[in-house]
Amino acid sequence: MELLKVADIHTYYGRSYILQGVSLSVERKEIVGLLGRNGAGKTTTLKAILGLVKPKKGTVTFRDKNITRVPAYRIARMGIGYVPQGRGLFPLMTVMENLKTGMRYGYDSEGVEEMLTLFPFLKGRLNQQAGTLSGGEQQAVAIARALLTRPYLLLLDEPTTGLMPLFVERLRQTIARIHEKGVSILLVEEKVPFTLTLAERLYFMVKGRIIHHGTPQSLKETPEVFERTLGISL
Ligand SMILES: Nc1ncnc2c1ncn2[C@@H]1O[C@H](COP(=O)(O)OP(=O)(O)O)[C@@H](O)[C@H]1O
Ligand SMILES: [Mg+2]
């Protein structure tokens, strides 16, 4: 069943025509990848879903509700978690203070326990300033904060950026575990192998348009897509 449906959205930054008719969907309990070069419009697509950028044309539907004109703060409450590019933590606040900004209904002790199980290293770090953690640890805190909003859908914007290979592998396992718990995920990435091992379906974006989409299996038959959209050969 469809959880999120983006239908033919067109967006502008001032006069710049950025998203030029983007359509994609995420089914319940699905991990979907969105790949494209720097500047293709991936982040803008996430912002349009979140209501941070309002499309001039087209619709965004989430859990059968048209959210195209719904304000961003209400969309977040409807169950879309967001981990922005660069993580968006408050560096001078402690880990716990950062986590609390994700809690919608007061202190969520059960949620914190779950996050300590998912990210055991957090146990000794709750009172540490978030800005003093390593890149991988900050990424974990950002994901934990988004999960504490209890989302149906998690939007991850380039979560592997700046992570050492060991942390990338841990993040892959973390995303797989979050998915097993029943959270749907829209994963924006530039790292192709990482995305191919996680996503059940992938969309390829070039200059504000989706130019191809398929399953990792079907993409083996069209390897030229990677060359055409990302400039890499597999
Ligand atoms: N706030 C903004 N104002 C004007 N142009 C922007 C803004 N944000 C992004 N853009 C432009 O929109 C295009 C798509 O950007 P973005 O969605 O960030 O791409 P991606 O996430 O795929 O790298 C780029 O050409 C970028 O320069
Ligand atoms: Mg981006």
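Start by selecting β7 (153–157) and β8 (residues 184–189): 5 bridges join the two strands, which run parallel. Helices (H or I, at least four residues) and strands (E, at least two) are DSSP runs, numbered from the N terminus, and two strands pair if DSSP finds at least two bridges between them. Within this pair, Leu-155 has Leu-186 in β8 as its bridge partner.

The model is a predicted one, in which local features need pLDDT of at least 70 and side-chain atom pairs count only at pLDDT 80 or more, while totals for chains, interfaces and linings use all residues. Residues are numbered from 1 along each chain as its sequence is written, and chains are lettered from A and ligands numbered from 1 in the order in which they are written.

**Whole chain**

Zoom out to the protein chain, which has 9 helices and 10 strands. Its C-alpha atoms fill a box of roughly 45 × 40 × 35 Å along the principal axes. The radius of gyration is 17 Å, which agrees with the value near 17 Å for a compact globule of 234 residues; it is taken over C-alpha atoms, and the globule rule is 2.2 Å times the number of residues to the power 0.38. Of the 234 residues, 37% are buried. Here a residue is buried if 20 or more other C-beta atoms lie within 10 Å of its own, exposed if 12 or fewer, and partly exposed in between, with C-beta atoms placed from the backbone. Among contacts between residues at least 6 apart in sequence, 68% join residues at least 24 apart; a contact means C-beta atoms, placed from the backbone, within 7 Å.

Return to β8, where 6 of the 6 residues are buried. Ser-184, Leu-186 and Val-188 point one way, Ile-185, Leu-187 and Glu-189 the other. Leu-34 has Val-188 in β8 as its bridge partner.

Then select β6 (80–83), joined to β7 by 4 bridges in a parallel run. Ile-80 stands opposite Leu-153 in β7. Both faces of β6 are covered, with Ile-80 and Tyr-82 buried on one side and Gly-81 and Val-83 buried on the other.

**Gly-79**

Step back to Gly-79, in the loop between α2 (72–77) and β6. Gly-79 is partly exposed, with 18 other C-beta atoms within 10 Å. Leaving aside neighbours within four places in sequence, Gly-79 is in contact with Arg-150, Pro-151, Tyr-152 and Leu-153. For a distance across the model, pick Arg-15: its C-alpha atom is separated by 32 Å from that of Gly-79, and the two residues are 64 apart along the chain.

**Helix α5**

Select α5 (residues 135–147). Its 13 residues should span 18 Å at 1.5 Å a residue, and its end C-alpha atoms are 18 Å apart, which agrees; the expected span is 1.5 Å times one less than the number of residues. Because 10 of the 13 residues are buried, α5 is largely enclosed by the rest of the structure. The buried residues include Gln-138, Gln-139 and Arg-145. Show the partners against which the buried residues of α5 pack: β6, α3 (95–100), α4 (109–118), β7 and α6 (165–180).

**The antiparallel sheet**

Move to the open sheet of 4 strands, with order β2-β1-β4-β5 and antiparallel pairing. β2 and β5 (65–66) are at the edges with a single partner strand each, so one side of each lacks a neighbour in the sheet. Strand β1 (residues 2–13) is joined to β4 (residues 57–62) by 5 bridges, and Leu-4 has Phe-62 as its bridge partner in β4.

Finish at ligand 1, and display the surrounding residues: Tyr-13, Ser-16, Ile-18, Gly-36, Asn-38, Gly-39, Ala-40, Gly-41, Lys-42, Thr-43 and Thr-44. A residue is near the ligand if its C-beta atom, placed from the backbone, lies within 6 Å of it. This shell divides into 3 nonpolar, 7 polar and 1 charged, where Ala, Val, Leu, Ile, Met, Phe, Trp, Tyr, Cys and Pro count as nonpolar, Asp, Glu, Lys and Arg as charged, and the others, Gly among them, as polar. β2 (16–27) and α1 (42–50) each supply at least two shell residues, and the largest share, 3 residues, comes from α1.

Keep α1 selected: 7 of its 9 residues are buried, so α1 is largely enclosed by the rest of the structure. Among the buried ones are Lys-42 and Thr-44. The last stop is Gly-51, which follows α1 and has a positive phi near 80 degrees.

Terms used:
Two residues are in contact if their C-beta atoms, placed from the backbone, lie within 7 Å.
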